[in-house]
Amino acid sequence: MPTRESCGKINLFLEITGKRNDGYHDLESIFLEIDLADRLSAEPAEAGVSLVCDAPNLSVGEDNLVVAAANALAEARGIRKGIRYVLRKRIPLGGGLGGGSSNAAAALRLANEIWEAGLSDAELARLGARLGSDVPFFLHGGTCLVEGRGERITPLPAFPNTAALVLVLSSIHSDTAAAFRGLRLGEGAERRSSADFLRAMRSGDVAAMADSAFNRFEETVFAALPGLAAIRARIRETTRVEARLSGSGSALWCFGDAADMDNRLAKDREFAELRDRYNLRIVPVRGR
Ligand code: C5P
């Protein structure tokens, strides 16, 4: 059965540069594909698009981006064949790690292959952009500068393999559309550029990367989610490391060694309470 790894992402840098006429926002972001991944398999079927998934709380209907991706491709090319997908879910839902968009990108590639539809990368990207703003990035993967609504992709040199990353995952839910709505664009805050982060990344300087990482959503999301702000504050107190939001959250990420961080946080009583209350998990990841 043809199978694809469907990786998650984090945003190393994320600035919102303006509001568009179509209701979406323009952004300037550095996306990094990470090795925390779902696995999507597919096989031909008589007719229709179906999905089996091991995550009980994820819809397998037409609102699932895997099913939506295959339907969009079939419709675009007038294809009447069927396809059956099997999804093994590992990327947490609602974490700002791009799991749904990544699944859509993998589903498009698998359907294109199995149906021998012959869509080019550019055609897949156009179709993908309609499914979700992050889908064009996942069709590319690696490390990219992402601009516009998410459709302008500039590949960047590989993320330095010396930089170990840590994810802090929780049961906290962050609403993406609300996070965009809460932004106070152009009101005082100086617009940030990704240039410093890019320079630090090119020279492999992890300390400088940590200093120039940025996420505009932090202003509004930490205010809206005091539990998440408390988690970040305890991490800062205990380890002197600044954890950043990925996308609109709720996943946090930072540079460092996950086991070491876990050990230090385990000694902190307040962090232990937060760990129980929000089902916190500290996960080592690598860039791809
Ligand atoms: O494209 P996607 O479905 O992932 O976007 C989810 C929501 O996030 C959109 O409904 C929109 O409110 C917001 N969004 C935005 N600008 C973007 C991407 C997403 O305003 N570039």
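Biologist: In which strand is Glu-5 found, and what makes that stretch a strand?

Modeller: Glu-5 is found in strand β1. Strands are DSSP runs of E with at least two residues, helices are runs of H or I with at least four, and both are numbered from the N terminus. This is a predicted model, so local features need pLDDT of at least 70, side-chain atom pairs count only at pLDDT 80 or more, and totals for chains, interfaces and linings use all residues. Residues are numbered from 1 along each chain as its sequence is written, and side-chain values use heavy atoms, with hydrogens and water left out.

Biologist: Why is Glu-5 called partly exposed?

Modeller: Its relative accessible area is 47%. Buried means under 20%, exposed over 50%, and partly exposed in between, with a 1.4 Å probe and protein chains only. The value for Glu-5 is therefore in the middle class. Glu-5 and Ser-102 are 97 residues apart in sequence, and their C-alpha atoms are 9.2 Å apart in space.

Biologist: Why does Glu-15 count as buried?

Modeller: Glu-15 has 1% relative accessibility, so it counts as buried. Glu-15 lies in strand β1, residues 3-19.

Biologist: What makes the pair Glu-15 and Arg-216 a polar contact?

Modeller: Their side chains are joined at 2.8 Å. A polar contact is a pair of N or O atoms within 3.5 Å; within protein, one must be able to donate a hydrogen and the other to accept it, and residues adjacent in sequence count only if both atoms are side-chain atoms. The 2.8 Å value therefore meets the distance limit.

Biologist: Now the ligand. Which residues surround it, and how do you know that they are near?

Modeller: The ligand is surrounded by Gly-23, Tyr-24, His-25, Leu-27, Gly-132, Ser-133, Arg-149, Thr-176, Ala-177 and Phe-180. Near means that a heavy atom of the residue lies within 4 Å of the molecule.

Biologist: Which elements give two or more residues to the shell around the ligand?

Modeller: They are β2 (25-45) and α5 (176-181). The largest share, three residues, comes from α5.

Biologist: How does the shell around the ligand divide by residue type?

Modeller: It has four nonpolar, five polar and one charged. Ala, Val, Leu, Ile, Met, Phe, Trp, Tyr, Cys and Pro count as nonpolar; Asp, Glu, Lys and Arg count as charged; the others, Gly among them, are polar.

Biologist: What makes Glu-116 stand out in its phi?

Modeller: Phi of Glu-116 is near 50°, a positive value in a residue other than glycine. Most residues other than glycine have a negative phi. Glu-116 is found in the loop between α2 (99-114) and α3 (121-131). Its relative accessible area is 71%, so Glu-116 is exposed.

Biologist: And what is phi in Arg-240?

Modeller: Phi of Arg-240 is near 65°, again positive in a residue other than glycine. Arg-240 lies in the loop between α9 (226-239) and β9. With a relative accessible area of 67%, Arg-240 is exposed.

Biologist: What kind of peptide bond joins Gly-249 and Ser-250?

Modeller: A cis peptide bond, with omega about 15°. Most peptide bonds are trans. Ser-250 is found in the loop between β9 (244-245) and β10 (252-255).

Biologist: Why is His-173 called exposed?

Modeller: His-173 has a relative accessible area of 59%, so the label is exposed. His-173 is in the loop between β7 (165-169) and α5. His-173 and Asp-121 are 52 residues apart in sequence and 33 Å apart in space, C-alpha to C-alpha.

Biologist: Why is Ser-193 called partly exposed?

Modeller: Its relative accessible area is 44%, so Ser-193 is partly exposed. Ser-193 is found in the loop between α5 and α6 (195-202).
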